[in-house]
Amino acid sequence: MAGVTSINIILFVLCAAGVGASYYSVFVEKALEQNEKYQALCDINEQVSCTKVFGTKYAKGFGVVGKYLGEKHILNQPNGVYGIVFYALLAFLSLVNISFLVNIQLLLAFLSNGMSVYLGYLLVYVIKSICVVCVATYVINFLILVFTIVKLRRISRKLSKKAQKAENKQKKAVKKNK
């Protein structure tokens, strides 16, 4: 069974993959802005097309920010920009074994999976095209969630063992003093 250090490495690699996928999505969006005929490497056909997905209104601000704050608002960034920041933060958190911070990492992992469901719904039912890069980030998000849960359990188990040892030590000291 993998230890906490191995899990941290796995989480860090998953976050690096997330940064890479997010960066590529930003690259495709910027290329599309400069050349409407640009085709992403992950375009297979009309139903499996990153270019089609990254060219929609849902590719910026998750399709929500522009609607409520305006298309020119500073927060209406390509989703990939949010992804880069998100995965970089999770990469940092993956290196830390403090229970409180791992709980924050777990909360962020749950939130990212909620966003994956929302964006996956948009892909299938609204945009009607599958984006290979997007689906890859959904898988990455799910794996981050799974490994973060495992990490939290391992850390909790270690803390529980330490607390039990301290309690036993205290009981022995009390018996010795009687």
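What follows is a short chat about the aromatic pairs and helices of this predicted model.

Visitor: What should I know about numbering and cut-offs first?
Guide: Residues are numbered from 1 along each chain as its sequence is written, and side-chain values use heavy atoms, with hydrogens and water left out. As this is a predicted model, local features need pLDDT of at least 70 and side-chain atom pairs count only at pLDDT 80 or more, while totals for chains, interfaces and linings use all residues.

Visitor: How many aromatic pairs are found in the whole structure?
Guide: The search finds 5 aromatic pairs, where rings of Phe, Tyr and Trp (its six-membered ring) pair if their centres lie within 6.5 Å, and planes under 30 degrees apart count as stacked, over 60 as edge-to-face and the rest as tilted. One of them joins Tyr24 and Phe27, which are stacked at 6.2 Å centre to centre with 25 degrees between the planes.

Visitor: Where do Tyr24 and Phe27 sit?
Guide: Both belong to helix 1 (residues 4-34), and because they are 3 residues apart there, about one helical turn separates them; helices here are DSSP runs of H or I with at least four residues, numbered from the N terminus. Tyr24 and Phe27 also form one aromatic cluster with Tyr38.

Visitor: And the Phe62 and Tyr82 rings, what kind of pair is that?
Guide: That pair is tilted, because the ring centres are 5.3 Å apart and the planes are at 35 degrees. The pair links distant parts of the chain, 20 residues apart, with Phe62 in the loop between helix 2 (50-54) and helix 3 (65-69) and Tyr82 in helix 4 (residues 79-94).

Visitor: Switching topic, how do helix 4 and helix 5 cross?
Guide: The axes of helix 4 and helix 5 (residues 99-127) come within 10 Å and cross at roughly 155 degrees, the axes being lines fitted to C-alpha atoms over the stretch in contact, with angles from 0 to 180 degrees between N-to-C directions. That makes helix 4 roughly antiparallel to helix 5, a label for angles over 145 degrees, whereas under 35 counts as roughly parallel, 65 to 115 as roughly perpendicular and the rest as oblique.

Visitor: Which residues meet there?
Guide: Among them are Phe86, Leu89 and Leu93 in helix 4, and Leu101, Ile104 and Leu108 in helix 5, with contact meaning heavy atoms within 4.5 Å.

Visitor: Is Ile9 buried or exposed?
Guide: Ile9, which lies in helix 1, is exposed, with a relative accessible area of 52%; exposed means over 50%, buried under 20% and partly exposed in between, with a 1.4 Å probe and protein chains only.

Note on methods: Helices (H or I, at least four residues) and strands (E, at least two) are DSSP runs, numbered from the N terminus.
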